[in-house]
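Here are my notes on the model you sent.

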Amino acid sequence: MTKETSRRIVEREIIKRVDLCRPDGRLNPDAVGWSRTPLHRSNIRGWGRTMRWDYWCLTSPEHVFSFSASSLDYLAGESVWYLDRATKKNVFSRSLLVPSQGTGFSERSGEGSVRIAKGPVKIAVDEAAVGTRLRVKSPEFEADLLVHRVEGRDSLGVVVPWSSRRFQYTVKDLGRPAEGTLVVNGRRIDLSAEDTLATLDHGRGRWPGNVLWNWGAASGRSGGHEIGVQIGGKWTDGTGSVENGIFLDGRLHKISEELVWRYDTSDWMAPWQITGERVDLEFVPEYVRSSDVTRLRYMRSREDQAFGHYRGTVVADDGTVIRIDDLYGWAEEVQRRW
């Protein structure tokens, strides 16, 4: 990567259910790989830098709404954010629970529930046959949303092995239709499944104390296809795993390359370039959300998340070049220290 070129890697597809950890708590070697559906059970036990989170982001032509529920053994953090795309006005809620109390996180994505039941921000995520119900309540927000489940549609699950003691399992589930009500500072917003898309970032693992990552995602229709873009970088470099893939009409086309990310950290609104043998994308921001937060002595989070449009080309598994025009999503650089 020092010469700014992408690097191919060899990854294994997981096709049956597997435990993330061995009985001694270390990473199960049989779990390392990627999957088209959530097949990993995050059977992480004991105390030791165990990170669990669920992040949801819903986008429509007028709105962006996102929230995260996370726990790191000794603390739990919650955040909720809303953007009016026309006015660029945004609203934010955040809370920190030390120690972590009143929380619950499912062992497998798409099954069970996620709960943050204490503190000023309360979050409930419940799986049902028809989809995923999202409920959020804080002084600024109240949301009750249903994210529909689309039968036969792929997601992307990846295990990233830093070592036998430090590892991460992530599921990226993009572009699911969503609907429901959102109240922001007393203003009611009705979201329709016709133009609202939801993306899930599900994470379970044991993390090092300082991590830097890129993540980009987008979904919608372009060139007569339903397309989802899922790309990442930095945090997976050198591990033999990457979280890169393209969803074309619901099917995952896995991209086993360490992509090259080029962007200007002095001007986050400048266009970003993400390239590889099968990826040639430009991302043009329309809004940037930046924060640099230190929560007591426990945690520091620096985030620069840009929302805007992707354009360019990607290559499907059969070699077909797919053109992408004005696909809405985001690209980010985040550094976390716990």
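1. A charge sits over a ring if NZ of Lys or CZ of Arg is within 6 Å of the ring centre and within 35 degrees of the ring normal. Arg289 lies over the face of Trp81, at 5.3 Å from the ring centre. A second case is Arg85, whose charged end sits over the ring of Tyr328, 3.6 Å from its centre. Please keep in mind that this is a predicted model.

2. How many aromatic pairs does a search of the whole structure find? The count is 19. Take Trp81 and Phe307 from that set. Their ring centres are 5.3 Å apart and their planes meet at 25°. Planes under 30 degrees apart count as stacked, so this pair is stacked.

3. Where do these two rings sit in the chain? Trp81 belongs to strand E7 (residues 75-84) and Phe307 to strand E26 (residues 299-315). The pair links distant parts of the chain, 226 residues apart. Trp81 has 2% relative accessibility, so it counts as buried. Phe307 is buried too, with a relative accessible area of 0%.

4. Compare the pair Trp162 and Trp207. The ring centres are 5.0 Å apart and the planes stand at 65°, so the pair is edge-to-face. This pair also links distant parts of the chain, 45 residues apart. Trp162 lies in the loop between strand E14 (156-161) and strand E15 (167-184). Trp207 lies in the loop between strand E17 (197-206) and strand E18 (210-222).

5. Are Trp162 and Trp207 buried or partly exposed? Trp162, at 27% relative accessibility, counts as partly exposed. Trp207, at 2%, counts as buried.

6. Trp81 and Phe307 are also members of one aromatic cluster.

7. Ser291 deserves a look. Its place is in strand E25 (residues 279-295). Is Ser291 buried or exposed? Its relative accessible area is 19%, and buried means under 20%, so Ser291 is buried. Leaving out residues up to four places away in sequence, Ser291 touches Ser301, Arg302 and Glu303.

8. Now the largest pocket. It holds about 370 Å³ of space. The lining is made of 21 residues. Pro38, Arg149, Arg153, Ser155 and Asp173 lie nearest the pocket centre. Strand E15 gives the largest share of the lining, three residues. What is the make-up of the lining? It divides into four nonpolar, six polar and eleven charged residues.

9. The second largest pocket has a volume of about 320 Å³. It is lined by 17 residues, and the closest to its centre are Asp195, Leu197, Ser219, Gly220 and Arg221. Which elements give two or more residues to this lining? They are E15, E18 and strand E19 (225-233). The largest share comes from E18, with three residues. By type, the lining divides into six nonpolar, five polar and six charged residues.

10. One link between the points on pockets is E15. This strand gives the largest share of the lining of the largest pocket. E15 also gives two or more residues to the lining of the second largest pocket.

Note on methods. Residues numbered from 1 in each chain as written. Predicted model: local features only at pLDDT ≥ 70, side-chain atom pairs only at ≥ 80, totals over all residues. Heavy atoms only, no water. Helix = DSSP H or I, 4+ residues; strand = E, 2+ residues; numbered from the N terminus. Buried < 20%, exposed > 50% of the residue type's maximum accessible area, 1.4 Å probe, protein only. Contact = heavy atoms within 4.5 Å. Phe/Tyr/Trp six-rings, centres within 6.5 Å; stacked < 30°, edge-to-face > 60°. 1 Å grid on protein atoms, 1.4 Å probe; cavity = no way out; pocket = protein on both sides within 12 Å on 5 of 7 lines; lining within 4 Å. Points joined across faces, edges and corners; volume = space filled by probe spheres on them. Nonpolar A, V, L, I, M, F, W, Y, C, P; charged D, E, K, R; others polar.
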